[in-house]
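Subject: Structure for your review

Dear colleague,

Please find below the structure that I am handing over to you.

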There are 2 protein chains.
Amino acid sequence: MTVVNFSDIPAMIHKVTPESPIGIFDSGIGGLTVVKAVQAALPSERIIYFGDTARVPYGPKSQVTIRKYAFDDIAILMRYQPKMIIVACNTVSALALDVVEKACGSIPVIGVLKAGAELAVKATINNRIGVIGTQATICSNAYACAINMLNPEIQVVSQACPLFVPLAEEGLIEHPATQLIATEYLAEIRTKGIDTLVLGCTHYPILRRVIEETIGQGIRIIDSAEAVALRTKQLMTESELLNPSLKTCPPHLLVSDLPQKFSMLYQLFMGSELPDVELVDVG
Amino acid sequence: MTVVNFSDIPAMIHKVTPESPIGIFDSGIGGLTVVKAVQAALPSERIIYFGDTARVPYGPKSQVTIRKYAFDDIAILMRYQPKMIIVACNTVSALALDVVEKACGSIPVIGVLKAGAELAVKATINNRIGVIGTQATICSNAYACAINMLNPEIQVVSQACPLFVPLAEEGLIEHPATQLIATEYLAEIRTKGIDTLVLGCTHYPILRRVIEETIGQGIRIIDSAEAVALRTKQLMTESELLNPSLKTCPPHLLVSDLPQKFSMLYQLFMGSELPDVELVDVG
């Protein structure tokens, strides 16, 4: 394993205009939930999306590997000279945001994790927040840190739900097996008196109904895709970088592999037909 | 995506002796079921195992990507000058065996797929064989081809069971959710009157009991790990390459990533404590 010394890497710098695209990346196609939310909030923006479908999933892998992959991902998006970068992958947001920020230089970076944490802190009344995510995200404790940076009084309870990603990708949205597994994963968190639950993985909105039913009534669900779209709109407005165009266009999709089920999965995540997709090499 | 022209690649050639190791590789750690079976059949052999844990799983990915990864994997094992290569990955056996054979030159290659197919053909009485595997393995139709090459009279029914890998890796060995999913996956194949079922993925032996209970009594289960171990013993005996040593030693393990759960998974697959593991870079 080559350990890259990220501090030696010069930031990639380019000129940005309101017409520049917004770059979004994820370990696979789960980040399409973020693309959908950003399109809904900012329909005039051009979006370049990269999904590392050749090396998905990142969730069960080590921090060293996740940081290396994050650097490769950002290098691909930077070729398109984006005006900002959205890290749609919670695992990268948790374990490699500094790598992305360093490579992006003055280009602003928004990670789903911080955006989700901010919205959860605003939403909670009783100061008890639940977070569910992949093994790597939960083990990193990054959500608890981000939440407690904003309010150290808040109690955070976390639970890794590793099977939610494959269940969502297989389309077992309301399957009894998914209900059984959700009941088991959420059993402990249900007893902790939380009033807010963060979906700390971009795949989880696909299973939102099962999660809502299992966790019980009266708990506010925070979808980090929606949270990041809100934060993006705010940032683009403040920086006067909103695209003035009145046209809308489909996202420009880049992937490192074209799996057999790509078209089915695209429809599952986006609810629309697959546009053209470009294959890129991550080595 | 760089498409490698594998016909231009010179075969890697080296001298082999009975003391040379047996090289085994898989997309991840599922191939450890093959290591265990080979160790049981040939306890004196030195085994070098490479698991591409940084890029696992291969099953849902495209053929182009699987072939590229297979070439990287074999290049790593060839550094150890093995006397033979076992492709423990059914997906690689189905979609990239020619790439491996070309790179190995005169070094013999055994793929789990052909070994499993041979054993199934010997086992069936009514000439109806079922095969279960990953999406890529089943879509390739490679098991049906290998079986029908041996006996064109045999009817093969196949079923992709994509959730079996994550369920096994999460240790949900006899969980009600696994039973539910197995019931659904195997519902159609159960009605086809098969007398033999091939476990066409190295993870599936972990779920053998649930699969056996679900498919029903009187159906012979073919574990491709055991099949490949038998074939290996036969080949080493015929080529007079059996290691004469009386000592046994643990396998030399190489992985491209050290995931958080590696130690737990090793124990699940091997039933013994984790030996030293070496990290290698696949780029």
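In chain A, A:R55 lies over the face of A:Y69, at 3.7 Å from the ring centre. In chain B, the charged end of B:R55 sits over the ring of B:Y69, 3.7 Å from its centre. A charge counts as sitting over a ring if NZ of Lys or CZ of Arg is within 6 Å of the ring centre and within 35 degrees of the ring normal.

This is a predicted model, in which local features need pLDDT of at least 70 and side-chain atom pairs count only at pLDDT 80 or more, while totals for chains, interfaces and linings use all residues. Residues are numbered from 1 along each chain as its sequence is written, chains are lettered from A and ligands numbered from 1 in the order in which they are written, and side-chain values use heavy atoms, without hydrogens and water.

Over all chains, the structure holds six aromatic pairs. Rings of Phe, Tyr and Trp (its six-membered ring) pair if their centres lie within 6.5 Å; planes under 30 degrees apart count as stacked, over 60 as edge-to-face and the rest as tilted.

One of these pairs, A:Y58 with A:Y69, is tilted, with 5.4 Å centre to centre and 50 degrees between the planes. Both A:Y58 and A:Y69 are buried (under 20% relative accessible area; exposed is over 50%, partly exposed in between; 1.4 Å probe, protein chains only).

A:F164 and A:Y204 form an edge-to-face pair, 5.3 Å centre to centre with 85 degrees between the planes. A:F164 and A:Y204 are each buried. Ring pairs also link A:F164, A:Y185 and A:Y204 into a cluster.

Yours sincerely
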